[in-house]
Amino acid sequence: MVGLVLVSHNKKLADDVKELVEQMVKGKVKIESVGGTSADPNVLGTDPLLVKNAIEKAYDNGVVILGDFGSSILSAKTAINMLPNEIKPNTVIADAPLVEGAFAAAVAASVGGSIADVKKAAEDAKRLEKLK
């Protein structure tokens with residue numbers, strides 16, 4: 001099953017999104033949340049090493065990463081480059097809103113969706129934002 005990694009500049013935000021999404025999928029999907037820095041998780045920022053560790057924990061048949069903005073995506077790209085070669089090809093970043101994308105991705109993963117299916121579900125959630 002495809003796992004998810006939620007990356008935010010704020011650890012509490014990432015943890016809260018994870019908690020909300022886990023209520024929806026009831027433990028069927030490995031979800032890891034990461035935010036802050038390794039020196040102090042209460043400091044705003046992102047840390048590629050923390051993202052790498054989260055990817056490795058969430059990894060089963062692949063991982064889809066969702067970030068809040070800016071350096072969360074840069075940290076995710078850096079983290080992917082640090083992964084073992086057997087994990088890299090099955091780790092992707094979705095261009096999706098963090099909350100809506102996480103919900104959609106988790107549902108797709110919970111029903112056995114492929115990495116491409118889970119990423120697409122997350123990215124399709126962008127359209128939901130336009131309906132607001």
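Which residue in β4 does Ile65 stand opposite? Select Ile65 and look across: the residue is Ile93.

First, some ground rules. This is a predicted model, where local features need pLDDT of at least 70, side-chain atom pairs count only at pLDDT 80 or more, and totals for chains, interfaces and linings use all residues. Residues are numbered from 1 along each chain as its sequence is written, and side-chain values use heavy atoms, leaving out hydrogens and water.

**The sheet**

Select β3, residues 63–67. Strands here are DSSP runs of E, at least two residues, and helices are runs of H or I, at least four, numbered from the N terminus. β3 pairs with β4 in the parallel sense over three bridges; pairing takes at least two bridges found by DSSP. Now show the whole open sheet: four strands, ordered β2-β1-β3-β4, with parallel pairing. Its edge strands are β2 (31–35) and β4 (91–93), each pairing on one side only.

**The helices**

Select α2, residues 48–58. α2 lies across β1 (3–8), β2, β3 and β4, at about 175° to β2. Angles run from 0 to 180 degrees between N-to-C directions, with axes fitted to C-alpha atoms, for helices over the stretch in contact. Next, take α3, residues 71–82. α3 packs on the sheet and touches β1, β3 and β4; contact means heavy atoms within 4.5 Å.

**Ser8**

Finish at Ser8, in strand β1. Ser8 is buried, at 0% relative accessible area (buried is under 20%, exposed over 50%, partly exposed in between, with a 1.4 Å probe and protein chains only). Show its neighbours, including Leu13, Val34, Thr46 and Leu98.

Terms used: Lists of a residue's contacts leave out its neighbours within four places in sequence.
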